[in-house]
Amino acid sequence: MFRLRAYPSVALVATLITTLLAMTPGRRAEAQTFTLTVPVNAATSPITGRAFVFVSRTDRTEPRLQAGARRGSEPFFGIDVEQLAPGRSVMIDTTVLGYPLPSLKALPPGEYFVQALLLPYTRFARADGHTIWAHMDAWEGQRFNDAPGSLVSAVQKVRVDGSSRIALSLERTLPPVPALTDTEWVQRFRMSSTRVSTFWNHDMPLGAVVLLPKGYAQNPTKRYPVVYTVGHFSERAPFGFTFDGCEREETAAARSARLARSARETGCEFQQAWTSGTVPEFIAVFIQHPTPFYDDSYVLNSANNGPYGDAITKELIPEIDRRYRTIASSHARLLTGGSTGGWDVLALQIHYPDVFGGAWSLYPDQVDFRHYQFGNIYADANAYTLRDNSWLAPKEIPANRSPEGLTELTMREENNAELVIATKGRSGGQWDGWQAAWAPVGVDGYPMALWDKRTGVIDRTVAESMRRNGYDLRDYLERNWSTVGPKLVGKLHVAVGDMDNYFLNLAVYKLEAFLESTKEPGKGPYYGGRMDYGRPLKPHGWQPWSNQELLRIMDAQVKRNSPR
């Protein structure tokens, strides 16, 4: 049979040639590229770490500061570097993963402000036999885009057209965090933790921001109970205590918006009550315990982070008792914190019941892993999607929502952002932070992945290890209530909004169901604490009383439990 031969058009031939050239080694310049160079005078030795390019539409602040694992982030792209020597370069091109855009291919042509950053890692030869590279916190609280010692380029305004080649020189080093000055009210100190330093084979500090009560200096023999506040790394004084901006009166609109969210007062209001002596006299301490994986250790001994629970209770607290006139007794040590700090204070109270006399936990991170925020890591197959028997496509699982219930970020989106910030669980982000605190160590020395960052597939052996080791607080209490319950009567208090942005109320409901069951015959003793729920539409950050009222509640607890 005779066949007509179809000859390609001139346009098609041109397209095929262009495609083949783009696939030819050495022709990557046809696609968008950024070349990042470390000048010879910018570093004294090769750098292992993570390199980034940040692209922003405005210059309201440096592009690097407009990026992060959040909904409003400007695009950024990251790649690992190993032993990058001064004078050498690294390329970020369309193959490099980005957020919120998946790659430079998705960046529309236009004019942008661009900046590069190189975050250095430290080599840790740990006592467990593993050697890893991670960012050593420099008292900035694991901020990947603003860490002291990072190399950054000048901000450039450039035209990006999908095939341009842009060179960025990493010539500026970010300076150390400036030291703050102590006052008669607020003091700070750092100490090296023997236990954690031994684990990391590297000096590892713990710190404290101490708020002293009115009359402390004038009453040199008086001793005070201590309220420990815990949460994300900060150099601020506990309870928001401040003199800054107090000359400006809060507007009626701002006050109304604040009170609609929470009963918490402003830092200036609290300061005025504290300095005038109209609140019960406490020493208030905010504890600082960043790790190479996160800005908070999650306060318990951890296979990846090290023995922070013992370091806090057996090193930091005794040092505070030595430096300040505390009542060094469990009945006079109380705990409060929100979110990460909400989980921390429950964990400290539950796992160290003889050290503390009560915990007031606010909107705590997941206290029952059957609601790991939203999903159930013991039963679900995937952290990103929810499948059912319907004909509809799998549903993307939300990571956070508005108080009205609108999804703001999905699990996939938030985890993709962490993967752009770092590989091997080193992003300093929330999901990586939990994984580092609670998961086993992997064969490579990094935290075992609870789920695959790209696919969301859950490893239930990791979930089971986390449960077995006591990090699922509801499960730990239920398994050990006969022994720990008698030590916790009247000491557990939780407050959370019914529309918590991170679904944290769901796990609290399950914790309450168990704790209330302890009043049933044969299950006691009854826990005798309290659960408060903010309704309606109360978000993450809600608390039912002001900090002044909380101190009065705590004061009553101290007096009630004081030795007779």
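A cavity here is a set of points, on a 1 Å grid over the protein atoms alone, where a 1.4 Å probe fits but cannot get out. Grid points are joined across faces, edges and corners, and a volume is the space filled by probe spheres set on the points. The model is predicted: local features need pLDDT of at least 70, side-chain atom pairs count only at pLDDT 80 or more, and totals for chains, interfaces and linings use all residues. Residues are numbered from 1 along each chain as its sequence is written, and side-chain values use heavy atoms, with hydrogens and water left out.

**View 1. The largest cavity has a volume of about 80 Å³.** The search of the whole structure returns 6 cavities of 30 Å³ or more. Lining residues have an atom within 4 Å of a point. For the largest cavity they are Tyr372, Phe374, Gly375, Asn376, Ile377, Asp380, Asn382, Ala383, Ile397, Met411, Trp451 and Ile458. This lining splits into 8 nonpolar, 3 polar and 1 charged. Nonpolar covers Ala, Val, Leu, Ile, Met, Phe, Trp, Tyr, Cys and Pro; charged covers Asp, Glu, Lys and Arg; the others, Gly among them, are polar.

**View 2. The second largest cavity has a volume of about 60 Å³.** Its lining consists of Tyr372, Asn415, Trp431, Asp432, Gln435, Leu450, Trp451 and Lys453. By class, that is 4 nonpolar, 2 polar and 2 charged. Helix H8 (residues 430–438) contributes most, with 3 residues. Helices (H or I, at least four residues) and strands (E, at least two) are DSSP runs, numbered from the N terminus.

**View 3. Helix H7 (residues 411–421) crosses H8 at roughly 75°.** Two packed helices are described by the angle between their axes and the distance between the axes. The axes of H7 and H8 come within 8 Å. Axes are lines fitted to C-alpha atoms, for helices over the stretch in contact, and angles run from 0 to 180 degrees between N-to-C directions. H7 is therefore roughly perpendicular to H8, a label given to angles of 65 to 115 degrees. H7 supplies Met411, Glu414, Asn415 and Glu418 to the contact, and H8 supplies Gln430, Trp431 and Asp432. Contact means heavy atoms within 4.5 Å. The contact residues divide into 2 nonpolar, 2 polar and 3 charged.

**View 4. Helix H5 (residues 308–323) is mostly covered.** Of its 16 residues, 12 are buried, meaning under 20% relative accessible area (1.4 Å probe, protein chains only). Among the buried residues of H5 are Tyr308, Asp310, Ile312, Glu315, Leu316, Glu319 and Asp321.

View 5. Most residues other than glycine have a negative phi, and most peptide bonds are trans. Pro100 sits in the loop between strands E5 (98–99) and E6 (110–120). Pro536 lies in the loop between strand E26 (530–534) and helix H12 (547–561).

**View 6. Ser339 and Tyr363 have a positive phi.** Ser339, not a glycine, has phi of about 65°. Its loop runs between strand E19 (333–338) and helix H6 (340–351). Ser339 is buried, at 12% relative accessible area. Tyr363, also not a glycine, has phi of about 35°. Tyr363 belongs to the loop between strands E20 (359–362) and E21 (385–386). Tyr363 counts as buried, with 10% relative accessibility.

Terms used. 1 Å grid on protein atoms, 1.4 Å probe; cavity = no way out; pocket = protein on both sides within 12 Å on 5 of 7 lines; lining within 4 Å. Parallel < 35°, antiparallel > 145°, perpendicular 65-115°, else oblique. Buried < 20%, exposed > 50% of the residue type's maximum accessible area, 1.4 Å probe, protein only.
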